[in-house]
Amino acid sequence: MVCAHELGIAEQIEKRYALVSVRDVNVDMLQVNPLGRIPALVTNDGTTLYDSVVICEYLDAAHGEHRLFPAEGGRRWDALRRHALANGMLETLVRWRDERSRSPAQQSAEVRAAFERKVISALDATDAEVRSIEHAAPDIGHCTLAVALGYLDFRYADVDWRKPRPRLAQWFDAFAARPSMQQTLPLDEQASR
Ligand SMILES: N[C@@H](CCC(=O)N[C@@H](CS)C(=O)NCC(=O)O)C(=O)O
């Protein structure tokens, strides 16, 4: 949805609520995406697309003239690599959260430490290239990175990623003020019930 807002087409997308979890199966969702995961996009001609990077590239090709996915050259590979870095960080964060939510007896300190180490490594690698991130026009790499850092703030308030990386924090705070981010803020429905 961040990409849809960046492309100015969010209002054209009809949203449906779906509750999914790593440890549960949403059978309705399986009819849409055989993996049972969100997001999935059903296009006007009835085609279903997943996962998020495929949906974002489809929207960009249809409405963005390769604004978010540069068509060729170094900009393309920078954007795709940064997307992969941020997306991998998100996946590790989701798996780390799953491990943290198990009962203390089932948790593995070793696995938790490995997840933490990988997230820190991904944050440091991102921080190391923050200058070129700041100077590039927003693309899929920026969007995914902002979503990953937003997720970190949302689910890992105890991880102070900002203090050792003030410039990355500054970039994120500026990006997070964009309407695309403000209009897609994560909500904890269970907590608000
Ligand atoms: N790489 C995928 C990740 C999708 C994903 O893992 N979504 C989570 C929710 S954030 C999910 O559906 N989890 C349920 C499951 O793994 O079964 C994407 O970007 O679309």
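This is a predicted model: local features need pLDDT of at least 70, side-chain atom pairs count only at pLDDT 80 or more; totals for chains, interfaces and linings use all residues.
Helix 7 (140–155) and helix 8 (166–176) pack against each other. Two packed helices are described by the angle between their axes and the distance between the axes. Here the axes come within 10 Å and cross at roughly 100 degrees. Angles of 65 to 115 degrees count as roughly perpendicular, and helix 7 and helix 8 are therefore roughly perpendicular to each other. On the helix 7 side, the contact is made by His 142, Cys 143, Leu 145, Ala 146, Leu 149, Gly 150 and Asp 153. Helix 8 contributes Leu 168, Trp 171, Phe 172 and Phe 175. By class, this contact has 8 nonpolar, 2 polar and 1 charged residues.

Arg 165 lies in the loop between helix 7 and helix 8. Arg 165 is buried, with a relative accessible area of 6%; the cut-off for buried is under 20%. The side chain of Arg 165 makes a polar contact with the side chain of Asp 124, at 2.9 Å. Beyond residues up to four places away in sequence, Arg 165 touches Ile 120, Leu 123, Asp 124 and Asp 127.

In soluble globular proteins, nonpolar side chains tend to be buried together. The largest nonpolar core in this model has 42 residues. Met 89, Leu 93, Leu 145, Leu 149, Trp 161, Trp 171 and Phe 172 touch the most other members. At least two residues of this core come from each of helix 1 (2–6), helix 3 (52–63), helix 4 (73–100), helix 5 (109–128), helix 6 (130–135), helix 7 and helix 8. Helix 7 gives the most, with 8 residues. Leu 145 and Leu 149 of helix 7, and Trp 171 and Phe 172 of helix 8, also take part in the contact between these two helices.

Leu 93 is placed in helix 4. Its relative accessible area is 0%, so Leu 93 is buried. Apart from neighbours within four places in sequence, Leu 93 is in contact with Val 119, Ala 148, Tyr 151, Leu 152 and Tyr 156. Leu 93 and Ala 148 are 55 residues apart in sequence, yet 8.6 Å apart in space, C-alpha to C-alpha. Thr 92 also lies in helix 4. At 13% relative accessibility, Thr 92 counts as buried. Leaving out residues up to four places away in sequence, Thr 92 touches Phe 115, Lys 118 and Val 119.

Cys 56 is found in helix 3. Cys 56 counts as buried, at 12% relative accessibility. Residues up to four places away in sequence aside, Cys 56 touches Cys 3, Phe 69 and Ile 140. Cys 56 and Pro 166 are 110 residues apart in sequence and 29 Å apart in space, C-alpha to C-alpha.

Most residues other than glycine have a negative phi, and most peptide bonds are trans. Exceptions occur in the model. The peptide bond from Ile 38 to Pro 39 is cis, with omega near 5 degrees. Pro 39 lies in the loop between helix 2 (27–32) and strand 1 (41–42). A cis peptide bond also joins Tyr 50 and Asp 51, with omega about -5 degrees. Asp 51 is found in the loop between strand 2 (48–49) and helix 3.

Positive phi values occur at Glu 65, near 50 degrees, and at His 66, about 65 degrees. Glu 65 counts as exposed, at 74% relative accessibility. His 66 is partly exposed, with a relative accessible area of 40%.

Definitions and conventions: Residues are numbered from 1 along each chain as its sequence is written. Side-chain values use heavy atoms; hydrogens and water are left out. Helices (H or I, at least four residues) and strands (E, at least two) are DSSP runs, numbered from the N terminus. Buried means under 20% relative accessible area, exposed over 50%, partly exposed in between (1.4 Å probe, protein chains only). A polar contact is a pair of N or O atoms within 3.5 Å; within protein, one must be able to donate a hydrogen and the other to accept it, and residues adjacent in sequence count only if both atoms are side-chain atoms. Contact means heavy atoms within 4.5 Å. Axes are lines fitted to C-alpha atoms, for helices over the stretch in contact, and angles run from 0 to 180 degrees between N-to-C directions. Angles under 35 degrees count as roughly parallel, over 145 as roughly antiparallel, 65 to 115 as roughly perpendicular and the rest as oblique. Ala, Val, Leu, Ile, Met, Phe, Trp, Tyr, Cys and Pro count as nonpolar, Asp, Glu, Lys and Arg as charged, and the others, Gly among them, as polar. A nonpolar core is a set of buried Ala, Val, Leu, Ile, Met, Phe, Trp, Tyr and Cys residues joined through side-chain atoms within 4.5 Å.
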